[in-house]
Amino acid sequence: MKKYLFAAGLVSLMSTTAMAETIGVSMARFDDNFLTVLRNGMVKQAEGMTDVTLQVEDATDDVAKQLDQINNFIASGVDAIVVNPVDTSATQAMSDAAAAANIPLVYVNRQPINVDTLPDNQAFVASNEVDSGTLETLEVCRLLVAEGKTDAHIYVMMGQLSNQAAVQRTADIHDVMASGNCGATLNIIDEQTANWSRDEAQNLMTNWLSTNTPFDAVIANNDEMALGAIQAMKAAGIDMATVIVGGVDATQDALVAMQAGDLDATVFQDAAGQGAGALDAALKLAKGEAVDQKVYIPFLLVTPDNVAEFLARN
Amino acid sequence: MTAAMAPRAQSRARPPELNIFLALVLITLVFELLNRWQGGSFLFNTRDNVPGLFNQARLQIIILQVSITGIIAIGVTQVIIIGGIDLSSGSIVGATAMISMSFAQVALVNGNPNPKAIFGPELMDLPVIVPILVGLACGIFAGLINGLLIAYTKIPPFIATLGMMVSARGVAKWWSNGNPISFPTDSFGALSNGDFLGWITFGALPGQGLNPVLLFIALAALFQLALTYTLYGKRCYAIGSNEEAARISGINVARHKVLVYAIAGSLAAFAALVLCSKNLTAQSGMGVMYELDAIAMAVIGGVSLSGGRGSIIGTVIGALIFGVIISGFTSIRLDAYYQEMVKGAIIVGAVVLDQWRQRRRALEG
């Protein structure tokens, strides 16, 4: 037991160097494609700087664990903390803990519930969620109209219900439907959560397929779920040219699926850019410089026409 | 009651708890040395702008971060001592958190209606005792079902509590259709975040946010005394050592098992109340894997999975080892990838040690 600890300690010693600024990072989870791109964006940014050390922790989707990690960072006397919240409604306690210790805190990617009451040395870096679902839905609409399907039936796959992005992107779909900008009439056959997960989306889609209801499009809150839906449809022998599938995130997996003709629309959220932006904000706050409390990294629509541009970006 | 049924700790020259405590000291020392090597300190204060000899924030978080799982582990320890196992505690935490939190909500948030409201205004702004009683009732109910299934249908505890683990998680998700429940009353938030220590010592010892630790220590002390000095405790060890002998000697084994599982359920409910009060939110995913952490704490603390042996003190030290390891990893900036690998190795290592101890004892006769 002691040997293990010792060996592990040695490994970490060799990988750390003398540092000026230490930034503690608590990610909601490590085993998530998109968040991994974001995390690596942050790590890469830090590697390019000579005097910045990152300590990245995995909260394994556990709100309580995340709060403990923040308190551990405070105990270690880090210069700033970056949090990718497990749950956006549980951020008040985190803001309070960091504020009490007077350590700057930056939320990244997921909008905290207390975003409008953040203390001066706390900030939020993400993309404006309203854009993503709207861009995605409008593109699905455009494709449906182009195919002459003016009365379309769609399935909606939602992310984790406790998550603001899931709520917002789903609301965007309904807003586009209500706004009349769509051009086609969208009828939602069913709207269910697959918790951002490819595996759960695969099961959900298989369940939907087993009802034998004809449908024209699947709009998913993220790419992982869109890919899960695609895998389930392919397994059921459905020709992917006949179904329009939309996702959000433009992950590498999704772009490959788009090149293969399976995925029709996704929205590029600059994960690496968000990670780098969050680190920037954290470093500025640590030095006592002023930072905008809401930093928005723009969303871009990705279609088979421009997919090549994005392959190298995420 | 024969000597074989009493806690063995008393008959040994060096109680097993001492070994575990030495392990705790050793691990702490290793982290202190590794920190010194990096130019810092694990337990001691190295900053000029903070007063004190010790790093106060570190000492607090080491124990605070294991208090909630620790409370669960107190119940799990008793279940394991009677030769059972409880896989349901994490899910009971989830279900209890959701249900009790819905009775702890405020009607108005910053002057607007509560956006996460579960019930109408007539069930909001209730006195804090209501969510506490509701929560404990949920935990005891779930524990009773576990106990009754195990005692009277004779199905293995692993299966009975596995069923409860799945069902209770289902309840947690169904209760609010997966939505988190937030914005509790101030008095509910104060359960964990308040300053009880400061209040009872008239401000001499400020303990803002340390209530989970106090509750953990109080419950641990209570059940350590119960296991050591009461008939309840003697029966637990008797059943765990040899169930048939316990039955023949006149112990109502079935009734006692139900009692122990109900206690474990109520402790899981305590943990849930502290957890959602501390985080000011309840979520259906709360408590996932807590049952395994609690079992691991007990096992590291010398509680034998074959029953009849172990103590709450051991489990508390096991919990502290967990706390030191989690904080230690962060303090030496060990990559998160290595953290889980090492944590797993420590759990397995502890069981290997336990087996080895048992074999040696068997050889010694």
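Two residues are in contact if their C-beta atoms, placed from the backbone, lie within 7 Å. The model is predicted.

**Exercise 1. Place Val303(B) in its chain and list its contacts beyond four places in sequence.**

Step 1. Locate the residue. Val303(B) sits in the loop between helix H12 (290–300) and helix H13 (312–331) of chain B.

Step 2. Judge burial. The cut-off for buried is 20 or more other C-beta atoms within 10 Å. Val303(B) has 28 other C-beta atoms within 10 Å, so Val303(B) is buried.

Step 3. Collect the partners. Neighbours within four places are left aside. Val303(B) then contacts Thr77(B), Ile80(B), Ile81(B), Ala298(B), Arg309(B), Gly310(B), Gly314(B) and Thr315(B).

Step 4. Check a separation. Thr96(B) is 207 residues apart from Val303(B) along the chain, and their C-alpha atoms are separated by 27 Å.

**Exercise 2. Describe how H6(B) and H11(B) pack: parallel or perpendicular?**

Step 1. Take the axes. Helix H6 (residues 186–193) and helix H11 (residues 253–279) of chain B have axes that come within 7 Å. The crossing angle is roughly 105°.

Step 2. Classify the angle. The range 65 to 115 degrees counts as roughly perpendicular. H6(B) and H11(B) are therefore roughly perpendicular to each other.

Step 3. Name the residues. H6(B) brings Phe188(B), Gly189(B), Leu191(B), Ser192(B) and Asn193(B). H11(B) answers with Leu273(B), Val274(B), Ser277(B) and Lys278(B).

Step 4. Sort them by class. The contact of H6(B) with H11(B) has 4 nonpolar, 4 polar and 1 charged residues.

**Exercise 3. Work out the overall build of chain A and its domains.**

Step 1. List the elements. Chain A holds 11 helices and 12 strands.

Step 2. Test the size. A compact globule of 314 residues would have a radius of gyration near 20 Å; chain A has 21 Å, which agrees. Along the principal axes, the C-alpha atoms fill a box of roughly 60 × 45 × 35 Å.

Step 3. Look inside. Buried residues are 56% of the 314 in chain A. Of the contacts with a separation of 6 or more, 74% join residues 24 or more positions apart.

Step 4. The domain assignment gives domain 1 (16–126 + 271–296) and domain 2 (129–269). Their centres, taken over C-alpha atoms, are 31 Å apart.

Step 5. Examine the domain contact. It involves 8 residues of domain 1 and 10 residues of domain 2. The domain 1 side has 2 nonpolar, 4 polar and 2 charged residues.

**Exercise 4. Which element gives the largest share of the side of chain A that touches chain B?**

Step 1. Count both sides. Chain A supplies 38 residues and chain B supplies 40 residues.

Step 2. Helix H1 (2–15), E2, H3 and helix H4 (92–101) of chain A each give two or more residues.

Step 3. H3(A) gives the largest share, 10 residues.

Step 4. Sort by class. The chain A side divides into 18 nonpolar, 13 polar and 7 charged residues.

How values were computed:
Residues numbered from 1 in each chain as written. Chains lettered and ligands numbered in written order. Predicted model: local features only at pLDDT ≥ 70, side-chain atom pairs only at ≥ 80, totals over all residues. Axes fitted to C-alpha atoms, helices over the stretch in contact; angles between N-to-C directions. Helix = DSSP H or I, 4+ residues; strand = E, 2+ residues; numbered from the N terminus. Parallel < 35°, antiparallel > 145°, perpendicular 65-115°, else oblique. Nonpolar A, V, L, I, M, F, W, Y, C, P; charged D, E, K, R; others polar. Domains from an automatic or database assignment. Rg over C-alpha atoms; globule rule 2.2 N^0.38 Å. Buried ≥ 20, exposed ≤ 12 C-beta atoms within 10 Å, placed from the backbone.
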